[in-house]
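Q: Could you take me through the helices and the sheet of this structure? I am new to it.

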Amino acid sequence: MTRPARTASLRRATSESTVELELDLDGTGRSSIQTTVPFFDHMLTAFAKHSLTDLTVRAHGDTDIDAHHTVEDTAIVLGQAIRQALGDKAGISRYGDAMVPLDEALARAVVDISGRPYLVHGGEPAGFEFHLIGGHFTGSLVRHTFEALAVHGGLTLHVEVLSGRDPHHIAEAEYKAFARAFRSAKAWDGLVDGIPSTKGAL
């Protein structure tokens, strides 16, 4: 059976940032990421690798103010690209879950490619949102990334930190858990006939 290509190429420009992004949901995890926010580059590279999504991102913005706009806008475009590339979602598994450790940190993610944006996010230690990771990526941007992906990707997404002390480890475990859960949810399922919903649409 011939499957449709699940690719997208998007550009978004505002007074705060410019983002150009290409992805292939049926790739091998290759990536080329340049957002001018090094730690975010690291997280998007991990997402691509562990979700088996080929991903190219070129982004820049007003990082002289802070990294917020560039990170959030890149996540918005990534969510939009995911939604576009998924098409009508016929033949996919739809659901995915994963638990990923990174040394002392452990994160769990559950994804439903439902078409209904919803985020449940918790478990990060008190004060995590104020930590600077990699110089100027604040911990609060982890949640902002998942909010943008859920809303613009049409995903129901639960992410929970089960343990962790080092902010870098916690953030990376969260991104990798999401990547692995998304990998399962977007996968083709040969037993699925049509769209995996009793409503007939996702």
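**Helix and sheet packing**

A: Helices α3 and α4 are roughly parallel to each other, because their axes cross at roughly 15 degrees and angles under 35 degrees count as roughly parallel. Please note that this is a predicted model.

Q: How do α3 and α4 cross, left-handed or right-handed?
A: The crossing of α3 and α4 is right-handed. Helix α3 covers residues 140–153 and helix α4 covers residues 167–186, and their axes come within 10 Å.

Q: Which residues make the contact?
A: From α3 there are Leu-141, Val-142, Thr-145, Phe-146 and Leu-149. From α4 there are Ala-171, Glu-174, Tyr-175 and Phe-178. The residues of this contact divide into seven nonpolar, one polar and one charged.

Q: What about Ser-140, where does it lie?
A: Ser-140 lies in helix α3. Ser-140 is partly exposed, its relative accessible area being 25%.

Q: Turning to the sheet, in what order do the strands come?
A: Four strands form an open sheet in the order β5-β6-β10-β7, with mixed pairing. Strands β5 (95–102) and β7 (118–122) stand at the edges, each with a single partner strand, so one side of each has no neighbour in the sheet. From one strand to the next, the twist averages 10 degrees.

Q: In what sense do β7 and β10 pair?
A: β7 and β10 (residues 156–163) pair in the parallel sense, over five bridges. Tyr-118 has Thr-156 in β10 as its bridge partner.

Q: And which strands does α3 touch?
A: Helix α3 packs on the sheet and touches β7 and β10, its direction making about 160 degrees with that of β7. Helix α4 lies across β5, β6 (105–112), β7 and β10, and runs at about 150 degrees to β5.

Definitions and conventions:
Residues numbered from 1 in each chain as written. Predicted model: local features only at pLDDT ≥ 70, side-chain atom pairs only at ≥ 80, totals over all residues. Heavy atoms only, no water. Axes fitted to C-alpha atoms, helices over the stretch in contact; angles between N-to-C directions. Helix = DSSP H or I, 4+ residues; strand = E, 2+ residues; numbered from the N terminus. Parallel < 35°, antiparallel > 145°, perpendicular 65-115°, else oblique. Left-handed = near helix turned anticlockwise from the far one by under 90°. Contact = heavy atoms within 4.5 Å. Nonpolar A, V, L, I, M, F, W, Y, C, P; charged D, E, K, R; others polar. Buried < 20%, exposed > 50% of the residue type's maximum accessible area, 1.4 Å probe, protein only. Pairing = 2+ DSSP bridges.
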